[in-house]
Amino acid sequence: MDIIVVGLSHKTAAVEIRERVAFSPTAMERPLHEFVGLSAIAEGIIVSTCNRVELYATSRDPEAAVAQMRRFLTSFHGLEADALDENLYDYRGEEAIRHVFRVASSLDSMVIGEPQILGQIKTSYGYAAEYKTAGLILNRFLHKAFSVAKRVRTETSIASNAVSVSFAAVELARKIFSTLDGKTVLIIGAGEMCELAARHFVNNGVTSVMVTNRTFERAEKLATDFQGRALTFDDFPDHLAQVDIILTSTGAPTFILEKKKMEEVIRLRKNKPMLIIDIAVPRDIDPKVNDIDNIYLYDVDDLQGVVQANLKERHKEAKKAEGIIEQEIGQFHRWLTSLEVVPTIVSLRQRMEEIRKGELDKSFSNLKDLTPKQRKSIEALTSAIINKVLHTPTTVLKKSQNDEGGDNYVDAVRVLFDLAPPAPEGEIKQLDESVDPS
Amino acid sequence: MTLNLLFFKITLLLYFVATVLYLIDVIARDVKTGRYGRWILIAGFVTHLVTVISRYAASGYTPVASLHESLSFFAMSIVAIFLLFDLRYRLTVLAAFVCPLALVLMIGGGAVSKKTQELNPVLDSWWFPVHVSLAFLGYAVFAIAFAAGIMYLLQERMLKSKKFLPLYYKLPSLDTLDSINYKCLTFGFPLMTMGIISGAIWANSAWGGYWRWDPKESWALITWFLYAALLHGRLTVGWRGRRAAIFAILGFFCLLFTFFGVNLLLGGEHSFSALSGR
C-alpha cells in the first residue's frame with residue numbers, strides 16, 4: 001500500500017487557478033465519495049485552503065492512482081483535462097509522507113510557521129472521517145502528521161516571533177512592559193493598521209483604549225468598538241501622561257508630537273516607559289523623540305525590520321524542523337511497510353518457532369532420559385500444533401491481501417503477536433475505530 | 001589538605017560547571033542547559049556551606065577574616081541571594097550574569113593565601129558574624145542589582161537602536177529588570193544599613209568608639225550615600241530604568257572598591273591580616 005499526494009499550492013499555481021479548483025467546505029461529501037470511488041484509490045482525504053488544494057490517498061497501484069487523481073481534480077471542476085498539467089505536483093511513498101508532514105508543520109506555507117494550516121488539515125481530516133473515506137492508513141498517517149506538527153512547534157521556535165507588523169508591535173511592548181494587563185493604548189487617527197494593532201493589544205491584556213481623530217465622530221465610533229474613550233484632537237495631548245502605548249497614523253503633513261512635548265510627558269509620567277508606534281507616512285512623531293530616555297519610538301520601517309529579522313529566525317528554525325520530520329518519516333515508513341502481508345506471515349511463523357524452541361529446550365532439560373526417538377516425535381508434535389494453529393490466520397491474511405480493509409488484519413496480527421516495529425506513537429485507539437465494522 | 005579546602009575546591013568546580021551550563025543556555029540557540037545549571041549551583045551552595053562550617057570548626061572564628069575567607073564568603077552570599085531571587089523570577093539569563101561573578105570571586109579566593117589566622121581577640125565577639133553577614137548579604141543583593149543593571153542597559157540599547165542580537169530574545173522585559181533593580185534596593189539598602197550600624201556597635205565594644213573614619217568606614221559611607229540617593233530618587237522623582245541601572249552599576253563598583261581597593265591601597269583597621277601581614 002502506498003501513500004499518494006496530488007495537488008497544487010501557492011508555490012505552483014496563481015490564485016486565479018487555485019480558486020477554480022478549490023472545494024467548498026460546506027459540500028465535501030460528494031467530492032470525497034467520488035474521489036474514493038476511483039478504481040485505484042483505497043482511502044482519500046481532500047485538503048482545500050486558500051493556498052493549496054491537495055488530495056491524499058492510499059493505493060496499491062500508484063501509477064494509476066496518480067493519473068486518476070489528476071484527472072479527478074480537473075474533471076470535478078469542469079476543467080480541460082490538461083488545464084492543470086503545469087501546476088500539479090504528485091508525490092508517492094516516502095516523498096508523500098514528507099510532503100504532508102511539512103505541510104502540517106507549516107514549513108510549506110507562504111509565511112513559514114503560520115498556525116492556521118494545521119487546523120485546516122484537521123478540519124479536512126474531520127470531513128474524511130465523517131464520510132468514512134479515510135481508513136486505517138490515512139487515519140494513522142494524519143494523526144502522525146498532527147503529532148509531528150506539534151513536535152515541530154514545541155521543539156523549534158518556528159512560530160515564536162511575530163511576522164506581522166501589528167504582532168511585532170505587541171511583542172515589542174512585551175519586551176518593555178512585562179505584561180500588557182492594565183496598560184492604556186491611545187489611537188491617533190483612524191488608520192486600519194492602527195485599529196488592527198489596537199485589537200491585538202486588547203486581545204493581549206490591554207484594558208483601556210483612548211481614541212482621537214480630527215473628525216470627532218470617527219473617534220467616537222472607534223472608541224465604541226473598543227469600549228474606550230474618545231478624545232477631541234485638541235485635547236488629546238493633555239491625556240498623554242496616562243498613555244503607555246501610542247498607535248498613530250494620521251494624514252498630517254507635519255509632526256503632530258514634537259520632542260519638547262514628549263519630554264514634558266515623560267516627566268509627568270515619572271519616567272514610566274512609553275512605546276510609540278508611528279505607522280503614518282509621512283511620520284506623525286518627530287524621530288528625535290526616540291532619544292528621550294524611556295520612550296521607544298518605532299516607525300513603519302523599524303517594524304518591518306523587526307518582522308524581517310523574525311522571518312530570518314523562522315527560516316533558521318525551519319532547518320531544524322526538517323530534521324525532526326526526517327526522523328519521523330523513517331518511523332512511519334517502517335510501520336507502513338510492516339503492513340505488507342508476506343513479511344508479516346514470515347515474522348509470525350518466526351515468532352511461533354521461537355516460542356516452540358524455547359519451550360522445548362526447557363522441557364528437554366527436565367526430561368533428560370528421553371530416547372532420541374521420543375525427542376523426535378515430541379518435536380514433530382509441537383511443529384504440527386503450530387502449523388495447525390497458524391493455518392487459518394495465514395490463509396485469511398493471504399486472502400485479505402486484495403480486500404478493502406485487509407490492512408486491518410495485518411495490523412491486528414502485528415499488534416496481537418507483538419510483531420510490529422514500533423508503531424508510530426499516537427492514537428492506537430484510532431486503530432480500534434477503524435477495525436470496528438460499524 | 002584540610003577538609004574545608006577540599007570542599008572549597010569542590011565548590012569552585014561546581015560553580016564553574018554551573019556557570020558554563022548557564023552561559024551555554026544563553027549563548028546557544030536552543031540548548032536548554034539552565035535547569036541542570038540550577039541544580040549544580042544548588043549543590044555548589046551546599047558544599048560551600050560545608051566549606052564555611054568546617055573552616056569555622058577548624059579556626060574557631062567566623063571565617064571572614066582573611067582575604068581568602070572574605071572572597072569565599074562574598075561568593076557564597078551572592079549564590080544564596082541569587083537562589084532566593086531565582087525562586088521568584090526563574091531567570092536563566094540572570095544566572096548567566098551572576099554566576100560568573102561568584103566564580104571570579106572564588107577563583108580569586110583560591111589564588112590567595114588560605115592560611116587560617118591566629119584568633120585575634122577582637123574577632124572573638126558575636127558582633128563579628130552579625131556585622132559581616134549583614135554586610136555581605138547586602139553586597140550580594142547589590143551584586144544582583146549590578147547584573148540586572150547590565151542586562152537592562154543591553155536590552156535598552158537594542159530596543160532603542162532597533163538592532164536585535166540573539167540575546168534580545170533571551171533577555172526579559174525592561175520592566176522585569178527594573179523591578180529586580182527596585183527589589184534589590186529595598187532589600188540591599190536595609191541590609192547594608194544594618195551592616196554599618198552593627199559594625200559601629202562592634203567597634204564601640206572592641207575599641208571604645210563607634211566611628212573612627214577608618215578608610216573602609218568612609219568608603220562604606222560613600223557607597224551607602226550612593227544607594228541612598230538612588231532609593232530616594234526612585235521613590236520621589238521617579239528615577240527608574242536606565243538611570244537606576246547605571247546607579248546600580250556605579251554603586252557596585254564603589255562597593256567593590258570598599259571591599260578590595262581600600263584594603264589594597266589605603267589600609268586601615270579593616271585590612272585583612274593576611275595581606276598586611278599583621
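Guide: Let's start with strand 5 (residues 184–188) of chain A, which runs parallel to strand 6 (residues 208–213) of chain A and is joined to that strand by five bridges. Strands here are DSSP runs of E, at least two residues long, and helices are runs of H or I, at least four, numbered from the N terminus; two strands pair if DSSP finds at least two bridges between them. Within this pair, I187(A) sits opposite V211(A). This is a predicted model, so local features need pLDDT of at least 70 and side-chain atom pairs 80 or more, while totals for chains, interfaces and linings use all residues. Residues count from 1 along each chain as written, chains are lettered from A and ligands numbered from 1 in written order, and side-chain values use heavy atoms, without hydrogens or water.

Zooming out, the pair belongs to an open, parallel sheet of six strands in chain A, ordered 7-6-5-8-9-10. Strand 7 (229–232) and strand 10 (295–299) of chain A are at the edges with a single partner strand each, so one side of each has no neighbour in the sheet.

Helix 7 (residues 165–176) of chain A lies across strands 8 (245–248), 9 (274–278) and 10 of chain A, at about 165° to strand 9 (axes are lines fitted to C-alpha atoms, for helices over the stretch in contact, with angles from 0 to 180 degrees between N-to-C directions; contact means heavy atoms within 4.5 Å).

Now to the partner chain: 29 residues of chain A are in contact with 25 of chain B.
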